[in-house]
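Student: I am new to this structure. Please take me through it in questions and answers.

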Amino acid sequence: MRSRPPSPPAGDQPARPVRPKTPEEQRDALLAYAFQALGGRALTEAELRGKLERRSDNPELIEEVLKRVQELGYQDDEQVAHVEGTRRGVGALRVRQTLKRRGVSEEMIQDTLEARDPDQERTGALELLERRWPALSRKKDPRASAYAFLARRGFGGDAIWPAIRELSERAAQQELDAGEE
């Protein structure tokens with residue numbers, strides 16, 4: 001078995017010149033990065049633009065890549081807004097806040113919120129509160145704790161108060177029924 005001569009330390013080797021990327025290679029690399037970013041989760045145009053701007057200083061290239069991923073259907077703000085608008089366990093206020101933070105246009109936010117069913121909002125608040133009521137009912141002021149919990153989840157007073165009222169009445173009825181036995 002032959003042994004190789006020891007290689008010189010890295011500092012002794014001359015640095016290889018790095019060939020600059022051609023515009024096509026730059027575009028392909030940025031496009032590959034965009035697909036990788038979109039593979040993790042659905043991104044809004046503003047979120048993807050921010051990621052691409054951290055990778056490239058060329059605004060024309062960024063626009064080209066954004067346009068291409070949108071043409072192919074990989075990035076769609078309307079789809080992101082729809083998915084956010086149909087999330088369970090969050091109210092309209094949270095949906096608005098999240099979409100605004102993610103850079104969705106005000107018009108699209110409005111359309112998303114108008115598509116939400118107010119009855120479904122109340123039902124969602126009630127279902128969420130039913131799951132949490134055992135823990136909340138042990139608090140010093142369960143109604144205030146329930147209100148705060150649902151408000152943090154983005155529900156408005158028009159969904160919170162009916163849910164609290166209904167659960168409070170159920171709890172009182174259960175206590176009466178338990179006392180009669």
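Tutor: Helices (H or I, at least four residues) and strands (E, at least two) are DSSP runs, numbered from the N terminus. The model is predicted: local features need pLDDT of at least 70, side-chain atom pairs count only at pLDDT 80 or more, and totals for chains, interfaces and linings use all residues. Residues are numbered from 1 along each chain as its sequence is written, and side-chain values use heavy atoms, with hydrogens and water left out.

Student: In which helix is D111 found?

Tutor: D111 belongs to a negative surface patch together with D76, E78, E107 and E114. Patches are made of residues with over 30% relative accessible area and no salt bridge, with like charges joined within 9 Å and nonpolar side chains (Val, Leu, Ile, Met, Phe, Trp, Tyr) within 5 Å. The largest share of this patch, three residues, comes from residues 106–115. The helix that holds D111 is α6.

Student: Is D111 buried, partly exposed or exposed?

Tutor: Buried means under 20% relative accessible area, exposed over 50%, and partly exposed in between (1.4 Å probe, protein chains only). The relative accessible area of D111 is 45%, so D111 is partly exposed.

Student: How are the rings of F35 and Y74 arranged?

Tutor: Rings of Phe, Tyr and Trp (its six-membered ring) pair if their centres lie within 6.5 Å; planes under 30 degrees apart count as stacked, over 60 as edge-to-face and the rest as tilted. The structure holds two aromatic pairs. In the pair of F35 and Y74, the centres are 5.0 Å apart and the planes stand at 70°, which is edge-to-face.

Student: How many residues apart in sequence are the parts that this pair ties together?

Tutor: F35 lies in helix α1 (residues 23–40). Y74 lies in the loop between α3 (59–71) and α4 (77–85), so the pair ties together parts that are 39 residues apart in sequence.

Student: Why does the pair of Y147 and W161 count as tilted?

Tutor: The ring centres of Y147 and W161 are 5.0 Å apart. Their planes are at 35°, so the pair is tilted.

Conventions:
Areas by Shrake-Rupley, 256 points an atom, 1.4 Å probe, with all protein chains shown as cover. Salt bridge = Lys/Arg side-chain N within 4 Å of Asp/Glu carboxyl O. Lys, Arg positive; Asp, Glu negative; His and termini not counted. Charge placed at Lys NZ, Arg CZ, Asp CG, Glu CD.
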